[in-house]
Amino acid sequence: MGKRMQAAVKAYDKSKTYTFEQAAEIVKNNAKAKFDETVELHVKLGIDTKKADQQVRTTVALPHGTGKTKRIAVIAKGEHAQEAQKAGADRVGAEDIVEEVIKGKIDFDVLVATPDTMKDLAKAAKILGPRGLMPNPKSGTVTFDLANTIKALKAGRIEFKADTYGIVHAIIGKASFDAAKLAENAKAVMDTIIRVKPSTSKGIYVKSISMSSTMGPGVFVSNK
């Protein structure tokens with residue numbers, strides 16, 4: 001453990017849980033890197049990820065965005081392509097984007113597709129899937145409502161899902177954000193996680209919550 005990390009973990013009581021506001025202040029104070037560190041919320045859930053009916057995957061509109069401008073590419077044709085362009089998509093295309101992806105060129109952060117073009121994306125699924133970029137109805141990225149989708153993504157809508165260990169990792173902003181804004185974004189994520197609790201999940205649903213910056217230690221948060 002480096003000197004910076006040693007100093008960071010001594011700055012607070014690791015055995016305690018803090019309010020979202022307190023945790024955000026601690027995380028901000030310990031974000032000492034030379035760049036604006038990303039702040040994430042990590043939530044351990046009591047779900048069985050091997051069961052299809054206990055998957056947790058959805059989207060949430062962060063009140064204060066993520067602090068990062070997303071590059072949005074849209075796979076659409078005809079009038080839908082025109083709608084995407086008017087809505088401010090960074091890239092609009094069809095087979096041309098698919099071919100670029102297959103060749104290894106991915107110059108976007110989010111890929112949106114209309115339902116009628118999903119068949120064209122099939123041959124790029126093995127490349128997009130592992131990167132979390134494959135459009136999916138559950139994440140709202142397979143839709144004909146392109147204008148509202150692009151607007152929401154630009155404003156700070158994020159997608160999150162529980163990994164194989166039942167942990168949700170969600171970006172809630174940058175270390176340069178006010179602590180209050182980080183806390184509000186974190187609460188928005190938690191409210192959504194609670195709302196989408198699988199009906200078949202038994203026992204304790206939210207086992208632990210922690211907040212951390214890119215280079216900083218985790219701070220445990222109370223959801224009470």
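## α3 against α7

In this predicted model, helix α3 (residues 78-87) packs on helix α7 (residues 146-155) at an angle of about 30°, and their axes sit 9 Å apart. Angles under 35 degrees count as roughly parallel, so α3 is roughly parallel to α7. The crossing of these two helices is right-handed.

Who does the touching? On the α3 side, it's His 80, Glu 83, Ala 84 and Ala 87, and they meet Leu 146, Ala 147 and Ile 150 of α7. Sorted by class, the α3–α7 contact has five nonpolar residues, one polar and one charged.

## α2 against α8

Now for another helix pair. Helix α2 (residues 20-29) and helix α8 (residues 179-195) have axes that come within 8 Å and cross at roughly 125°. That angle makes α2 oblique to α8. As for handedness, α2 goes past α8 in a right-handed crossing.

From α2, the contact takes in Phe 20, Glu 21, Ala 24, Glu 25 and Lys 28. Their partners in α8 are Ala 179, Leu 182, Ala 183, Ala 186, Lys 187 and Met 190. Seven of the residues in this contact are nonpolar and four are charged, with no polar ones.

## The buried face of α2

Which residues of α2 are buried? They are Phe 20, Ala 23, Ala 24, Ile 26 and Val 27. Looking down the α2 axis, these buried residues fall within an arc of 165°, so they line one face of the helix. The background is simple: an α-helix has 3.6 residues a turn, so residues three or four places apart point the same way.

What do the buried residues of α2 pack against? Helix α8 is one of the partners, and the others are the strands β1 (38-45), β8 (206-213) and β9 (219-220). Phe 20 and Ala 24 turn up again here: they are buried, and they also belong to the α2 side of the contact with α8.

## The buried face of α4

Helix α4 (residues 95-102) has Ile 97, Val 98 and Val 101 buried. Seen down the axis of α4, they fall within an arc of 100°, so here too the buried residues line one face of the helix.

After α4 comes Gly 104, which has a positive phi, near 100°.

Notes. Residues numbered from 1 in each chain as written. Predicted model: local features only at pLDDT ≥ 70, side-chain atom pairs only at ≥ 80, totals over all residues. Heavy atoms only, no water. Buried < 20%, exposed > 50% of the residue type's maximum accessible area, 1.4 Å probe, protein only. Helix = DSSP H or I, 4+ residues; strand = E, 2+ residues; numbered from the N terminus. Arc of directions from axis to C-beta. Axes fitted to C-alpha atoms, helices over the stretch in contact; angles between N-to-C directions. Parallel < 35°, antiparallel > 145°, perpendicular 65-115°, else oblique. Left-handed = near helix turned anticlockwise from the far one by under 90°. Contact = heavy atoms within 4.5 Å. Nonpolar A, V, L, I, M, F, W, Y, C, P; charged D, E, K, R; others polar.
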